[in-house]
Every structure is written in C-alpha cells, then in structure tokens.
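This report covers strand pairing, a ligand shell and a helix crossing. The sequence and structure come before the discussion.

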Amino acid sequence: MSSVLILVDHVGGVVPRAVGELATFGKRIGSVTAVICSSKSADLIPQLSTFPIDKVIVCDGVEFEKYSVGATAQALQAIVTKESPRAVLITSSARGKEIAGRLAVRCDSGVLTDAIDINAELIATQPVFGGSTTVHSSVTNGIPIVTLRSNSVDVEASNSSPVVENVSVTFDGVDKALVTSLEPAVKGGRPELTEASIVVSGGRGTDGNFAPVEEFADLLGAAVGASRAATDAGWYPHANQVGQTGKTVSPQLYVACGISGAIQHRAGMQTSKTIVAINKDADAPIFDVADFGVVGDLFAVLPQASTVLKAN
Ligand SMILES: Cc1cc2nc3c(=O)[nH]c(=O)nc-3n(C[C@H](O)[C@H](O)[C@H](O)COP(=O)(O)OP(=O)(O)OC[C@H]3O[C@@H](n4cnc5c(N)ncnc54)[C@H](O)[C@@H]3O)c2cc1C
C-alpha cells in the first residue's frame with residue numbers, strides 16, 4: 001500500500017493531538033509514515049503509540065535545533081524523494097504552512113492549506129472567504145501537500161508499534177532567518193486555543209469582566225477566546241483573539257458570550273462543530289450561525305450554567 005507522510009511537529013518535546021488527526025486522515029489514503037525531524041525523537045516516538053501509524057522515519061540533525069522551517073522542508077524533500085508517498089500531510093499552524101510552502105517549491109508540487117477534511121481520492125475540503133464558502137480541491141501537479149486544521153477529525157484509537165527507520169539528510173544551505181531561542185509561553189491550566197475541543201469566548205458584552213466566561217470555560221476544560229473588541233480594549237490578550245486577524249479555531253463546541261458575530265469574528269470560528277451564542281440582542285448576527293442560542297444577559301446566564309455544571 002502506498003504511504004502517506006505526516007510531519008510530527010512538537011512543542012517542547014510534546015506531540016500535540018493534531019498529529020493523531022493527521023494519522024487518522026492519512027489512514028484513509030494509505031499506510032501512515034510519521035516523519036520526525038528533531039534530536040528529541042527518543043521522547044517523541046513513545047507518544048505516537050496511540051495513533052494509527054505504521055512506520056516512523058527519524059531525521060536527526062543540529063539544523064533542527066533552531067526550529068528551522070527550511071531544514072525541515074529540506075529533510076522532508078529528501079524523504080519524499082525516497083518514499084514517493086501519495087501525499088504529505090502537515091498541521092495547519094503558521095509554522096506548518098511555511099514548511100508546506102517551502103516543500104511544495106522544492107518538490108514542484110501543489111499545496112493546499114487550511115483544509116478541514118481529505119478523502120481517499122485526495123480531495124480536500126477547505127472553508128474560504130471567512131468560512132462563508134466551502135471548496136473541494138485537489139492538487140494536479142506533483143505529490144499533494146496538504147495542511148489540515150486541528151480539531152477537524154476524531155483521532156482513531158490505535159495501539160501501534162511502528163517500525164522505526166533513521167535517515168540522514170545533507171543540507172544544501174542555511175536559512176536566512178532562524179529562531180535564536182524558544183521559550184514556551186507560560187500557561188495557566190487551560191488548553192491551547194487552536195487545539196482545544198471547547199472554546200468559550202467573550203466580547204464587548206463582557207464590559208471587561210471575563211470572570212464568568214473564565215469560570216464557565218474552566219468547568220468545561222475549555223480554552224478562552226475573545227473578540228477583537230475585547231482585545232483592542234485591553235480586556236483580554238491579543239493572543240486569545242478569534243477571527244480574521246486573530247486565530248482560527250474549529251472546536252467541537254464554541255460558546256460566544258456577548259459577541260455580535262461580525263463577519264471578521266465569524267471567519268475565525270464558523271467551522272466549529274456546534275456553536276452556542278449568548279447575547280441579549282435577539283437580532284445579533286451571531287444567532288445566524290448558532291446551533292443553540294440564549295437571548296439573555298451573559299452575567300445572568302453564565303453563572304446559572306456554571307452552577308448546573310458544578311452540581312453535576
Ligand atoms: C480588517 C478587520 C479585521 C477584524 N478582525 C477581527 C477579528 O479577528 N476578530 C474579531 O472578533 N473582530 C474583528 N474585527 C472587528 C469586527 O468587525 C467587530 O467589530 C468585532 O468582532 C466586534 O466585537 P464584539 O462582537 O465583541 O462587539 P460588538 O459588535 O460591540 O457586540 C457586542 C455584543 O454583545 C451583546 N451584549 C452586550 N452586553 C451583553 C450582555 N450583558 N449579555 C449578553 N450580550 C451582551 C450586544 O448585544 C452585542 O451583540 C475586525 C475588523 C476589521 C475591519
């Protein structure tokens with residue numbers, strides 16, 4: 001069976017759930033070969049055992065120490081040449097998309113970014129124009145390189161013990177821009193916004209008081225997001241902004257609290273599986289995309305919802 005390459009990117013030695021999603025998509029297409037470009041492979045390989053992966057290719061090198069996207073693209077190109085996979089799947093992070101673009105140039109292949117699905121015929125599904133339109137697209141030149149958004153599929157449970165192969169790569173140049181140091185952001189107990197399966201967001205309707213939003217989020221194990229009105233007002237960090245100029249999220253559940261639902265906000269959350277809106281204006285546009293809506297004051301609704309969650 002032809003293989004599909006998936007790139008195992010990691011943050012501080014931790015393999016994100018998104019890699020399991022790539023493996024799950026990959027299984028639809030062929031046997032799954034995970035590629036690790038890192039000197040931390042001994043820490044990373046055991047973390048892959050719950051994902052449906054048939055083989056692991058490890059490429060070690062000091063070039064990866066600086067989180068070089070160029071080095072990773074070069075290594076992937078060498079592995080693509082060796083393996084002739086049906087496709088290469090990469091997580092749709094900013095870094096993943098840069099690697100995909102560089103790899104596409106090196107392989108003279110087409111690249112599709114921000115897909116939320118891909119089928120066995122290598123047809124990808126992409127939301128475009130701020131999520132208002134869905135397109136189905138395929139690569140017509142070379143080996144398809146596709147980046148997939150986190151939270152797009154349930155990870156197929158597996159108990160794999162993949163074959164591990166080491167490859168060495170000769171690098172043909174250095175990047176002009178390298179990361180000189182990398183310190184993971186100090187996090188609270190909340191999940192990363194783009195990977196969380198539940199996101200609770202607050203907008204101008206919070207009037208700067210995110211306490212009920214945070215309490216509700218914590219009871220659900222959710223990440224906290226914010227509209228641009230809230231981040232521009234300094235009520236919440238810009239890193240938590242959801243939307244066209246913020247982050248794109250696609251969780252199982254998105255709860256919008258005191259957010260009107262402007263097109264620029266919807267661009268970042270419209271592909272969420274279930275959307276719940278709490279807004280005191282029954283005509284707010286957020287209700288057009290919501291699966292469930294509560295017309296009411298978030299300062300009355302959220303504490304009641306939190307009380308129910310605490311009681312269960
Ligand atoms: C180029 C560009 C890029 C942009 N990028 C983004 C982006 O990335 N993300 C983003 O979010 N926006 C973005 N915007 C801004 C966007 O157009 C909106 O202005 C913004 O999303 C509004 O935020 P909001 O819904 O919190 O505020 P508002 O539009 O003011 O809505 C507040 C809502 O809260 C409700 N409300 C008030 N009090 C309560 C209460 N007590 N209980 C319940 N409901 C209440 C109101 O009925 C209202 O619907 C962008 C704009 C531009 C021009």
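## Strand pairing, ligand shell and helix contact

Four bridges join β14 to strand β15 (residues 292-295), and the two strands run parallel. Within this pairing, I278 has V294 of β15 as its bridge partner. The model is a predicted one. On β14 there is also a pairing with strand β13 (residues 253-257), parallel and made of five bridges.

An antiparallel pairing is found elsewhere in the chain: strand β7 (residues 124-128) is joined to β8 by five bridges. In that pair, T125 is bridged to H136 of β8. These strands belong to an open sheet of three strands, ordered β6-β7-β8, with antiparallel pairing. Its edges are β6 (117-118) and β8 (133-137), each of which pairs on one side only. In general, the strands of a sheet pair through backbone hydrogen bonds, either parallel or antiparallel.

The pairings described above are collected here.

| Strand pair | Direction | Bridges | Bridge partners |
|---|---|---|---|
| β7 and β8 | antiparallel | five | T125 and H136 |
| β14 and β15 | parallel | four | I278 and V294 |

Strand β14 (274-279) also has a part in the ligand shell, where it supplies at least two residues, as do α6 (228-232), α7 (263-266) and α9 (298-311). Which of the elements gives the most to the shell around the ligand? That element is α6, with three residues. In total, 28 residues surround the ligand, and the closest are G203, G205, S227, R228 and G243. By class, the shell has nine nonpolar, 14 polar and five charged residues.

The remaining topic is a pair of helices. Helix α3 (residues 69-83) and helix α4 (residues 94-107) have axes that come within 9 Å and cross at roughly 50°. Because of that angle, α3 is oblique to α4. The crossing of the two helices is right-handed. On the α3 side, the contact involves V69, G70, T72, A73, L76, Q77 and V80. They meet R95, E98, I99, R102, L103, R106 and C107 of α4. Sorted by class, the residues in the contact of α3 with α4 are seven nonpolar, three polar and four charged.

Definitions and conventions:
Residues are numbered from 1 along each chain as its sequence is written. This is a predicted model: local features need pLDDT of at least 70, side-chain atom pairs count only at pLDDT 80 or more; totals for chains, interfaces and linings use all residues. Axes are lines fitted to C-alpha atoms, for helices over the stretch in contact, and angles run from 0 to 180 degrees between N-to-C directions. Angles under 35 degrees count as roughly parallel, over 145 as roughly antiparallel, 65 to 115 as roughly perpendicular and the rest as oblique. A crossing is left-handed if the near helix is turned anticlockwise from the far one by less than a right angle, and right-handed if clockwise. Two residues are in contact if their C-beta atoms, placed from the backbone, lie within 7 Å. Ala, Val, Leu, Ile, Met, Phe, Trp, Tyr, Cys and Pro count as nonpolar, Asp, Glu, Lys and Arg as charged, and the others, Gly among them, as polar. A residue is near a molecule or strand if its C-beta atom, placed from the backbone, lies within 6 Å of it. Two strands pair if DSSP finds at least two bridges between them.
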